Amino acid sequence: MGRKKFRGGRKGGNRAPRGDGPAPYRSYSEIVKENTNMESFYNSALPFDNDEEKSEFWEALKRELPNSFRFCGSKGHALAVKRLLETRYVPNIVNIERYDGEPVQAPQPVPWYPDQLAYSMNTPKHVIRKFPPFAAFQKFLVSETSVGNISRQEVVSMIPPLLMDLEPGMSVLDLCAAPGSKAAQLLEMVHTGEEARIRKFMESFGEVKPQPAVEEEVDLSVDAGDDGRATGLLIANDADYKRSHMLVHQLKRLSSPNLLVTNHDATLYPAIKLPRDPENPDKGQYLRFDRILADVPCSGDGTLRKNINLWKDWQPGNALGLHITQVRILVRALQMLKVGGRVVYSTCSMNPVENEAVVVSAIERCGGPEKIGIVDCKERLPLLKRKPGMYQWQIMDKSGRIWSSWEEVQQHALTNDGHMPGKLSETMFARPDISDCSSLPLDRCMRVYAHQQDTGGFFITVLEKKEEFKAKPEVKARTTTEAPSANGAEPAEVEAKLEIEEEKAALGEPTDVLPTVGAKRTLEDGDEETKPDTKRQRTDSLPSEKPEDQPESIPKTEGVLPEPKEAVNPESKVTTTNGAQANRRAKADGNNEEPFKYLPSDHAVIQDIQKFYKISPRFPSNRFMVRNATGEPAKAIYYTSALLRDILVENEGRGVKFVHGGVKMFMKQDAPSAEVCKWRIQSEGMPIIEGYVGPERTVRLTNKETFRKLLKEMFPKFIDEDWKKLNEIGERAKEIGMGCCLLYVEPDGSDPDFSERMVLPLWKSFHSLNLMLPKEDRSAMLLRVFNDTSPVINQTLKDSAKKEEETADADSEVKDAVMEDAAAIGDTNGDAAEAETEAPEQLPNEAEGGDNIEAGPESATG
């Protein structure tokens, strides 16, 4: 019996009486956790050591999944937020009593995660959300998640990126990336050591003063080709348009100029064009990846502890129907890989038809063990408990019958007039001894079960490309009859269309076929909590609600990447009467993405910005771009890495569906005078450019209370003698010219809660001095540094409300006086006349000014 899909579980007839408080929480324990087919299959298919382990396995799956989260960002920053958890919140948590009188267990570090930056906690999520003693801890989790310092991520979901052996400078593709937790891990790895490298380079150039040695050693031989800036790349892709924008929302928090988000079918991912080699200009170049993560859509039965409806919804056909799509995704990943590169294949399924069977089938199609090897990861993450992959396995068909080999299926067909069991194919079974792939070292695959370390279930395999290959054609399923496809086409027509679509994918042209959609993990509950109530992540356009017609099957992917022809997207030639829309890429499903247009280094706006901020010539000026068809700065200017620039420029008009790229570096601002630059530095771009801004536009803060005042009060008055209230920054702030400047927060290290160096944008106008941060960032910093949960003060709205109230009071007094005079004159009987006065217009309950700071050009002028 599943839960009704009513919002909040409050509709229906079981509502509690008003006086008795809210309806009781319906726990998962009230749902029957049984599925005869599933239990029969896994009891037979999984190699348990004994009956005791089998019981532990099912008992674990029926328990609620523990909470888990990890600390994000650079290592130093992550350790600082972790220290806050251990010193401020854990002591309070261990003093909380459970319903049975036992103390609550504090969050425990995940033993195998590097630097113990991941934690798990066995208290259910709904208790942490609703039980008052957890209120402070819950606020900490939500606050730090909202600003990107914590990722609410399932423990087993953290494993695949840790096995990729990713190094700075590498190009990485996450083929099925939404909701984005693994992509965030990969992006952090792309930027590993970047801050320290940049600082070392700037010290050597005399841009900054040398500082005492940092904790981690700086290896300038690693990714040092761009003055220490990360040169690597992460492309995060998802086939679903809405989910690709979910990726943008998740990954924008990391402010990386090395990130691209795309929206493509993973089985048909297009070739990415690169600039031609000057030494061989006649030959085109296309991107090959060092690492690829294929965390594919799957039936998801490893998530039974979290997705409770799977207990009633599980059926064998779910996994059987996804097998061929998973093979195609893995083959396509191996095609796009460099020789020597690695693909990590993973699922949250326990079914071998989605795991070992897919690995064997993909290696077989790619030329066998001579071309593709399975990497032994036994020595990696030594504290992670796991089981080896299986050499032999069983398959359950749609009817619930279990099969051990393809030969057994064939024998059944011979004795039943040629009828094959539903959805079964030869590629789903272990290979016979005569096959080249019969002796693959499948024990190098990794299986993680719920009972081993109180987690979900997961499967991971690391594959290495040894040589280039030409993929073999897909093995056609052997059936006695061939029915037309879902759209009425004959099988031969479908096959011909699929070959055309595959060729288009290799050329980077738009394709018409979408993949079969499996049960991919959703956004973690903790991340849902961080979405603002009134302000949601804006997307450029909403996807069409009408699904496209899908052929029954998906094109097979064959061969190495061919020498692509110069492909032009015919849709890019569409002209309209509106010039601003002419070059916008119109997609087949009705969605539109604004183009990426780079600005020349000598553009007047770029030169004005460089002059105002005294930006060092060492900072590259040819990586700024805008997102509009005119190619002129209108509202925002973005910055990207050099490789992203090459990719976006070379692939314009080729049908590659780029959804997001670059970091918002400058925002247009109403300037108080003509001498002030109209482009302020955005907070997300500050870490990239701060070391290159001249001292003329900088202010240095060392006092904790001064920092608190700037965080707490938005648009504080800065006229006459107000500068004296700002302690050590007051005099400098008074002298500096109007407009945007950089606030360097440099604690002396004596206070552990106030020890991190920060650089933040500050805006000085005629009447105020304002820290240019959104309200959620201010609140998170106040909580982290000062343990302050009181609301931020918007001084401008406060003064405005006060003036309106005074005006309303004055009007009321005048009206009263007039009415009294009229009554005295007109009422000869001495009766008092009644005078009605209007109440002043009510102000909004909560000011929006803080949220608008990052978006609205008028909000910071004061």
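## Strand β28 and its neighbours

Strand β28 pairs with strand β29 (residues 758–764) through 7 bridges, and the two run antiparallel; strands here are DSSP E runs of at least two residues, numbered from the N terminus, and a pair needs at least two DSSP bridges. In that pairing, G739 has K764 of β29 as its bridge partner. Strand β26 (residues 698–701) runs parallel to β28, with 4 bridges joining them, and T698 sits opposite L742 of β28.

All of this comes from a predicted model, where local features need pLDDT of at least 70, side-chain atom pairs count only at pLDDT 80 or more, and totals for chains, interfaces and linings use all residues. Numbering starts from 1 along each chain as its sequence is written, and side-chain values use heavy atoms, leaving out hydrogens and water.

## How enclosed is it?

In β28 (residues 739–745), 7 of the 7 residues are buried, so the strand is largely enclosed by the rest of the structure. Buried means under 20% relative accessible area, with a 1.4 Å probe and protein chains only.

## Nonpolar cores

The largest nonpolar core has 66 residues, and L175, I292 and L334 touch the most other members. Helix α11 (residues 316–335) supplies the largest share, 8 residues. A second, separate core of 65 residues includes V110, Y113, L163 and M170. A core here is a set of buried Ala, Val, Leu, Ile, Met, Phe, Trp, Tyr and Cys residues joined through side-chain atoms within 4.5 Å. Helices are DSSP H or I runs of at least four residues.

Conventions
Buried means under 20% relative accessible area, exposed over 50%, partly exposed in between (1.4 Å probe, protein chains only).
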